[in-house]
Amino acid sequence: MGSGRRWAVEFADNSTSHSSRDILDPPGFTRASQEQDDSAVSKQKKDAEANWKAQKAWEVAQAPFKNLFMMAFMMWMAGSTVHLFSIGITFSALLQPINALRGVAKVFEPYKDNKVDLLAPKLVFIALNLVGLGLGIWKLNTLGLLPTHVSDWVSSLPPPQEVEYSGGGVPLY
Amino acid sequence: MNMAIRAFLLLLLFFASSNPAYSLYEDQVGLMDWHQQYIGKVKHAVFHTQKAARKRVIVSTEENVVASLDLRHGEIFWRHVLGPNDVIDQIDVALGKYVITLSSGGSVLRAWNLPDGQMVWESTLIGSTPSKPLLLIPTNLKVDKDNLIFVYGNGFIHAVASIDGEVIWKKELASEGIDVQQLIYPDGSEIIYAVGLLGFSRFDAYQLNVKSGELLKHNNMLFPAGFSGDLSVVTDDTAVALDSTGKILVVIRFQDGKISFHQTHVSQLIEDISGAAVILPSKIPGMFTLKIDASVIFIEVINESKLKVVHKIGHANAVSDALSLPEDQQAVALIQHGDGKILLTVKLGNDWTSNLIEETIQMDRQRGLVHKVFINSYVRTDRSNGFRVLIVMEDHSLLLLQQGEIVWSREDGLASVIDVKASELSVEKDGVSVAKVEHSLFEWLKGHLLKLKGTLMIATPDDVVAIQKIRLQSSEKGKMTRDHNGFRKLLIVLTRAGKLFALHTGDGRIVWSRLLNSLRKSETCENPRGISLHQWQDPHHHALDENPSVLVFGRCGYNSDSAGVLSIVDTYTGEERNHIGPLHSIAHIIPLPFTDSMEQRLHLLVDANRHAHLYPRTAEALGIFQRELGNIFWYAAETDKGILRGYGVQKNCVLEVADDFCFDTRDLWSIVFPSESEKIAATATRSLNEVVHTQAKVTADQEVMYKYISKNLLFLATVAPKAIGPIGSVTPDESSLVVYVIDTVTGRILHRMTHHGSQGPVKAVVSENWIVYHYFNLRAHRYEMSVIEIYDQARAENKDVLKLVLGTHNLTSPITAYSRPEVFTKSQSYFFAHSVKTMAVTLTAKGITSKQVLLGTIGDQVLALDKRFLDPRRTVNPTQAEKEEGIIPLTDSLPIIPQSYVTHALKVEGLRGIATIPAKLESTTLVFAYGVDLFFTRLAPSRTYDSLTEDFSYALLLITIVALIVAIFVTWVWSEKKELQEKWR
């Protein structure tokens, strides 16, 4: 009774090295190539994602540029007189870049990656927003809301005191 | 989209730049304005009480007003104000339905319909020599079914048909130089007598046929001793005159062409007299009145030439003309003064021993003496005669007395306002009772609920009436305390009668009135009259427990060197704190820009000898004045000589009696205008209390122009001497108008401009750095208005923003007139449709609000004209930027917008002046226009940008807020419930 077991198939095959196997791989099957192929695919994927992120980051960085044109057009529409419409547009032109600048980190958060260099898009984004801000300030100035003229500083200057005093007129009749 | 935005922007621009209208709605009339009608001091009064219809009295006044007053209440039925040159000489009633007025020295005769005051006819009676105007309306003289009116004026006697004013005949009587004194028409005869004097020594009597004017007889008789001038006609054929010495009475009889004189020595009639006698004008048949020393004597002429003294009273009393009663009797009213009361007696003309009526009436001391009495009778229920008298007081007020009572009184002194000053009311005291607050709260709520109804248009007609009543009679308006906005003030008004009134700006009522002691006739001051009013003490910072006061300045007599009188009057109570005088003559009053520790303003009074006297006379004031001595100057425009002189104030003057408060003046400069081509026509200076907010004017392109603002600017206009007369008296080539802007410290002419072919009258106002003046352009046959704006060139260099930011500029450092100002001016002229009586400019508390020029038009209305229309920077086609700045495209004439009449539908008859007073609220200015009428209103030249409008519905706001809070609460509860239900599901 020494050999009750005639054959068995070991399903649990934990080893990956073929040297430890006693059974040969079926012909046409190369274990190594498969393993090699797998790692290449994942690497490719990662690269693509990084590329995509970079691309997106650039896109986001360039987004204010389109906005700039839009803003400029709106400003031209508003004219140079101070009223509700022009003030509204100007202030939105000022607030938008400021808000954008405050949230630079947040805007680029989804594109954060070890392999992606976000500095350049960030700089571009900041620069474009600064241009937008400049445009807003320029608009503010053209509306005459910035104290850059002499008139802004003297308009409430009281008249000077006079040293002499003179009175009189036609003698009372 | 593009189009839509553009259209939207254009619409916005339109709203932003559209002309603001200053008109008010119909229901706003009387909310903040009031109008009072007066007539002036009554000269003549004719009663019209025969008919059972409305009883009235027709009066003519010294303000040239003819009016019909309701005898029951003293209200004006109708009123006409004749021009200032059309002085009313006589009035009477003809045919029982026409009021006849004779005016302009007997050359204009008019008939007015008695019930409604419509003019029926007007006749111009032409003559050559000016003479005493006389009017005689016989009651029952009919010529060709027509009643005649006899008028003597300008040397001619005219018979005028009373029905249409046609001159039936006229005859010259003054050809020899006879001064006709009286027309006499004996009832029922065919002859009219005209009696007069020639050269004080000949008595002349004419007899004329009433129907044809044919001269029937002309008798005269010489009186070698000479007459004193006045003639009193006693009966139809007797007159009384005084000889040239005033000691002998001459009874003149002129019956049937024979003239005879009977002389009686006055001392034979009256014992112990000293002075000369004067005949007073009176109309009592058979009697005349004589004034000797301090008494008035009634003398009757009996038995053709005998004289008999009937009665004797003190001279300060008043006597009426005789009133004919039925049964050939005459009644005369006499008024005597008592202590705080007057005594009225009515006597029968032919029996002076007994009185028909003797009444004592309490009289306000502030009304002074009785000046005139007019008597009228009525039939009592017991068929006896009752009497009513109309009296004119020293303060020009008019009172009706009947049965010992004052039936009504009119404050007609207010028709002759000389000067106005505003005074603050007292500050509100703390501690208002709770009940009052509750009551007022309830009233407040009720009022607002009504208003709300009005806003929501659910008010019934009764409610509308109630709303209007609440608005008009707002208790806030007439309060005697200061308000937050500074709308409630006292207007201190000086009248020609020498009476000071305080009017409340809220409703125009008289708060107090006072007949000034200094302006009453006295032995030392024979002919006192008020000249001007000045702010004396106006506590704002210190001495707050002191009441504010005004300085009243008057003069005894009509010459520039007659003595002056001063009074200081408390404006809260009307008490005369102090009166000084008579003292030195006063030619100029110069309020100085300094106050002492009691906030009394220093005044410099310059007399005719050019000595300057300082008031108040305290050591402190002297100290302040001496510190500033070198910086005080004064100038005088001598219009008759055509010289403008400037003076400085020097050390104390050398007088017999040392006076520390008297200072010598020295000549500094003079400007002599060529007498053959220029005569001073008008001067104008800036108002002393005008506040200017800023020295810079910012133009649309952000550029700055610095205004030349000086308190020492004088605008002076001269016209060619030929062109002094009325418009049309000279050709354009002969006339020119020259305007000067002069610095009165140095005498430097800053600007000079000639308007060729223009002439006066010139009216001007100066404000901030601009001058607006009005004159007549002979070439264009139109009135013109010009504006001059003065800018400082020297300051224009201040362009460095950094310096201005850091404040290292010298724009606000004190400046001196000796530092050679470099100025440039801009000016522009426009046609203007109206002639202008007076001009003023709005004043506001801080000087930020834009200005309006107020014009008193010839139609006695006040027109507000925006300064924007008078801007020398106006061009025909302003650029977009200039339009945004508010520059109006240039037009050749100034527009008159009907809505900009400040007086809306009312007229300020006989408009003489406009005073503007700043309110505490910056946007608002108070305007007071005075003439025969008074008008007061509030103006907001840039609209009330700093307060909610009067009809703002606080209740609506409150209700809205409450409703919103309730809604929030309800929805919250609701949502909570719903959420809970959701959770249970």
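Let me start with a question: is R110(B) buried or exposed? Its relative accessibility is 10%, and the cut-off for buried is under 20%, so R110(B) counts as buried. Before I go on, keep in mind that this is a predicted model.

So what does R110(B) do with its side chain? It meets the side chain of E122(B) in a salt bridge, with N to O at 2.6 Å. R110(B) sits in strand β8 of chain B and E122(B) in strand β9 of chain B, twelve residues apart.

Let's look at another pair in chain B. K867(B) and E789(B) form a salt bridge, and their closest N and O atoms are 2.7 Å apart. These two are 78 residues apart, with K867(B) in the loop between β62 and α7 of chain B, and E789(B) in strand β58 of chain B. Buried or exposed? K867(B) is buried, at 11%, and E789(B) is buried too, at 2%. There's also a group to look for: R367(B), D395(B), E411(B) and K499(B) are joined into one network by salt bridges that share partners.

Now a pair in chain A. K56(A) and E59(A) form a salt bridge with the closest N and O atoms 3.4 Å apart. They are three residues apart in helix α1 of chain A, which means about one helical turn separates them. K56(A) is partly exposed at 28%, and E59(A) is partly exposed at 43%. Over all chains, the rule counts 34 salt bridges.

While we're in chain A, let's get its layout. It has five helices and one strand, and along the sequence the pattern reads α-α-α-α-α-β. How many of its residues are buried? Of the 173 residues in chain A, 27% count as buried. If you take the contacts in chain A with a separation of 6 or more, 71% of them come from residues 24 or more positions apart.

Next, where the two chains meet. On the chain A side, 32 residues are in contact with 61 residues of chain B. The buried area between the chains is about 4,100 Å², and carbon and sulfur atoms give 63% of that. Three residues, E164(A), Y165(A) and L172(A), supply 20% of the area that chain A buries against chain B, more than any other three. How many salt bridges cross this interface? The rule finds zero between chain A and chain B. Polar contacts are there, though: 19 residue pairs between the two chains. The elements of chain A that give two or more residues to this side are α1, α5 and β1. Of these, β1(A) gives the most, with five residues.

Let's head into chain B's nonpolar side. The largest nonpolar core has 38 residues, and those touching the most other members are V59(B), L390(B), L491(B), V493(B), L503(B), F928(B) and L934(B). Take L390(B): leaving aside neighbours within four places in sequence, its contacts include F47(B), V57(B), V59(B), F374(B) and W408(B).

Chain B is also divided into domain 1 (703-832), domain 2 (835-951) and domain 3 (953-985). The C-alpha centres of domain 1 and domain 3 of chain B lie 66 Å apart.

Last stop, the backbone. Most residues other than glycine have a negative phi, and most peptide bonds are trans. Which spots go the other way? The bond from Y615(B) to P616(B) is cis, with omega near -5 degrees, and P616(B) is in the loop between β46 and α5 of chain B. G760(B) and P761(B) are joined by a cis bond as well, with omega about 0 degrees, and P761(B) lies in strand β56 of chain B.

For positive phi, look at N154(B), near 55 degrees, in the loop between β12 and β13 of chain B. H396(B) has a positive phi of about 75 degrees, and its place is the loop between β33 and β34 of chain B. N154(B) counts as buried at 13%, and H396(B) is buried at 10%.

Conventions. Residues numbered from 1 in each chain as written. Chains lettered and ligands numbered in written order. Predicted model: local features only at pLDDT ≥ 70, side-chain atom pairs only at ≥ 80, totals over all residues. Heavy atoms only, no water. Core = buried A, V, L, I, M, F, W, Y, C linked by side-chain atoms within 4.5 Å. Buried < 20%, exposed > 50% of the residue type's maximum accessible area, 1.4 Å probe, protein only. Contact = heavy atoms within 4.5 Å. Domains from an automatic or database assignment. Buried area = accessible area lost by both parts, 1.4 Å probe. Salt bridge = Lys/Arg side-chain N within 4 Å of Asp/Glu carboxyl O. Polar contact = N/O pair within 3.5 Å; in protein donor to acceptor, adjacent residues only side chain to side chain. Helix = DSSP H or I, 4+ residues; strand = E, 2+ residues; numbered from the N terminus.
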